[in-house]
Amino acid sequence: MADPVLAEVWNDYPSESPQNLRQNLFANLTFSHYLLVHKWGGITEAELIARASTLVQSPSFLRYWEASRSAKEVLPPDTDEGRLFRIFERAIEDAQRPGAHPPST
């Protein structure tokens, strides 16, 4: 991710600065990690919701999410990635609700 030449492989955000591109790559990697761990049974949906609630507190992650939302929102809701998208959307809505408190760890 630190190598700009390799970062160009994932060129979904050509106008992003190198720093933002690396953060987007890492955010996507994190989302993909949660997808696989959940799909393989290594984390329950409740644990996933808790981790998503923490991750969506990050402005960098939210920037990535806004940039990639349109590609994710068209995913069929009965797919693993579609379900994970909706979990993260719910976590974002919950975090933005008035009076919401950051999750405790």
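I take a salt bridge to be a side-chain nitrogen of Lys or Arg within 4 Å of a carboxyl oxygen of Asp or Glu. I note at the outset that the model is predicted.

**Entry: Lys39 and Asp80**

I looked up lysine 39 and aspartate 80. Their closest N and O atoms are 3.8 Å apart. The cut-off is 4 Å, so I log the pair as a salt bridge. I then checked where the two partners sit. Are the two ends buried or exposed? Lysine 39 is exposed, at 53% relative accessible area. Aspartate 80 is partly exposed, at 30%.

**Entry: the other salt bridges**

How many salt bridges does the structure hold? I find five. I looked at arginine 69 and glutamate 89 next. They form a salt bridge with the closest N and O atoms 2.7 Å apart. Arginine 69 lies in helix H4, residues 59–72, and glutamate 89 in helix H5, so this pair ties together parts that are 20 residues apart in sequence. Both ends came out buried: arginine 69 has 18% relative accessibility, and glutamate 89 has 16%. The cut-off for buried is under 20%.

Aspartate 94 is partly exposed, with a relative accessible area of 34%. Arginine 97 is partly exposed too, at 47%. Then I checked for shared partners. Salt bridges join Lys39, Asp80 and Arg83 into one network.

**Entry: H2 against H5**

H2 covers residues 18–39 and H5 covers residues 80–96. Their axes come within 10 Å and cross at roughly 120°. That angle makes H2 oblique to H5. The crossing of H2 past H5 is right-handed.

Which residues meet there? From H2 I list Phe31, Tyr34, Leu35 and Lys39. From H5 I list Asp80, Glu81, Leu84, Phe85 and Phe88. By class, this contact has six nonpolar residues, three charged ones and no polar ones.

**Entry: Lys72**

I looked up lysine 72, which lies in helix H4. Is lysine 72 buried or exposed? It counts as buried, at 6% relative accessibility. I asked what lysine 72 touches, leaving out residues up to four places away in sequence. The list is Asn28, Phe31, Tyr64, Trp65 and Phe85. Two of these names, Phe31 in H2 and Phe85 in H5, also stand in the H2 and H5 contact. The C-alpha atoms of lysine 72 and leucine 84 are separated by 9.6 Å, and the residues are twelve apart along the chain.

**Entry: the whole chain**

Last, I stepped back to the chain. It has five helices and zero strands. From the N terminus the elements run α-α-α-α-α. Of the 105 residues, 30% are buried. Residues 24 or more positions apart account for 59% of them.

Notes:
Residues numbered from 1 in each chain as written. Predicted model: local features only at pLDDT ≥ 70, side-chain atom pairs only at ≥ 80, totals over all residues. Heavy atoms only, no water. Axes fitted to C-alpha atoms, helices over the stretch in contact; angles between N-to-C directions. Helix = DSSP H or I, 4+ residues; strand = E, 2+ residues; numbered from the N terminus. Parallel < 35°, antiparallel > 145°, perpendicular 65-115°, else oblique. Left-handed = near helix turned anticlockwise from the far one by under 90°. Contact = heavy atoms within 4.5 Å. Nonpolar A, V, L, I, M, F, W, Y, C, P; charged D, E, K, R; others polar. Buried < 20%, exposed > 50% of the residue type's maximum accessible area, 1.4 Å probe, protein only.
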